[in-house]
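Please look through the chain below before reading on. The briefing is arranged by topic, moving from the overall fold to individual residues.

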Amino acid sequence: ETPDKPSSCWETGETDSVPWAILKDKKSGRRFLVASAQLCAEGSEAQQASAALIMSRIAEINKESLPVVLAGDFRMEAGASELSDIRAAMKDARTTAAASDSKHSHNGWGKKNETVDHIWYNGFSSCVEFSTIDKPYYERNFISSHFPVQARFIF
């Protein structure tokens, strides 16, 4: 409710933030905005309000209309109604990439199979690749309760 300082999520009391940065591609020199989100764990109203606020803040920050990447743990499938504001403004890298996978990203330390981690984008000409990195590291099957997701974009 107070986007300029940490505060509790609408219904849940959780404190979440959305860090963002403007980055520059070393080869082309083109700039783009990246934001990382984690929506509230519970509460449909809170999740929908959070998604709407994220899109509003991106619009405020992105005065130059730079390409945008919004990634993170959205705590729900991409088609959920709570994410309608994001879907209206951005593309889902998992479903639009030329090469993609359909692996689950939230493993719950081997106890869950949910697809809740997403990479959304706009302003790029295409998404070449989307992947979920589920290989073992340091002889451990799970380095987190979520597998990392990655995408590659073309300006």
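The model is predicted, and the chain in it has three helices and seven strands, which follow one another from the N terminus in the order β-β-α-β-α-β-α-β-β-β. With a radius of gyration of 16 Å, close to the 15 Å that the globule rule gives for 155 residues, the chain is as compact as a globular protein of that length.

**Overall shape, surface and charge**

- The C-alpha trace spans about 45 × 45 × 25 Å along the principal axes of the chain, and 35% of the 155 residues count as buried.

**Nonpolar cores**

- The largest nonpolar core has 18 residues, and those with the most contacts inside it are L70, F74, L83, I86, M90 and W120.
- Two or more residues of this core come from each of the elements β2 (31-38), α1 (44-61) and β3 (68-73), and the largest share, four residues, is given by α1.
- M90, one of the residues with the most contacts inside the core, is in contact with M55, V68, L70, W120, Y121 and N122 when its neighbours within four places in sequence are left aside.

- N107 has its place in the loop between α3 (93-96) and β5 (117-122), and it counts as buried because its relative accessibility is 2%, where the cut-off for buried is under 20%.
- Leaving aside neighbours within four places in sequence, N107 is in contact with K112, F142, S144, S145, H146 and F147, while its C-alpha atom lies 12 Å from that of D73, a residue 34 positions away in sequence.
- R94 has its place in helix α3, and at 12% relative accessibility R94 also counts as buried.
- Not counting residues up to four places away in sequence, R94 touches S100, D101, K103, S105, T115, D117, H118, F130, T132 and V149; the C-alpha atoms of R94 and S131, which are 37 residues apart along the chain, are separated by 7.6 Å.

**Two loop residues with positive phi**

- Most residues other than glycine have a negative phi, which is the background for the two cases that follow.
- R75 has a phi near 65 degrees, a positive value in a residue other than glycine, and its place is in the loop between β3 and α2 (84-89).
- R75 counts as partly exposed because its relative accessibility is 28%, a value that falls between the cut-offs of 20% for buried and 50% for exposed.
- E139 also has a positive phi, of about 60 degrees, although it is not a glycine, and E139 is found in the loop between β6 (126-132) and β7 (149-154).
- E139 is exposed, with a relative accessible area of 83%.

Note on methods: Residues are numbered from 1 along each chain as its sequence is written. This is a predicted model: local features need pLDDT of at least 70, side-chain atom pairs count only at pLDDT 80 or more; totals for chains, interfaces and linings use all residues. Side-chain values use heavy atoms; hydrogens and water are left out. The radius of gyration is taken over C-alpha atoms; the globule rule is 2.2 Å times the number of residues to the power 0.38. Buried means under 20% relative accessible area, exposed over 50%, partly exposed in between (1.4 Å probe, protein chains only). A nonpolar core is a set of buried Ala, Val, Leu, Ile, Met, Phe, Trp, Tyr and Cys residues joined through side-chain atoms within 4.5 Å. Contact means heavy atoms within 4.5 Å.
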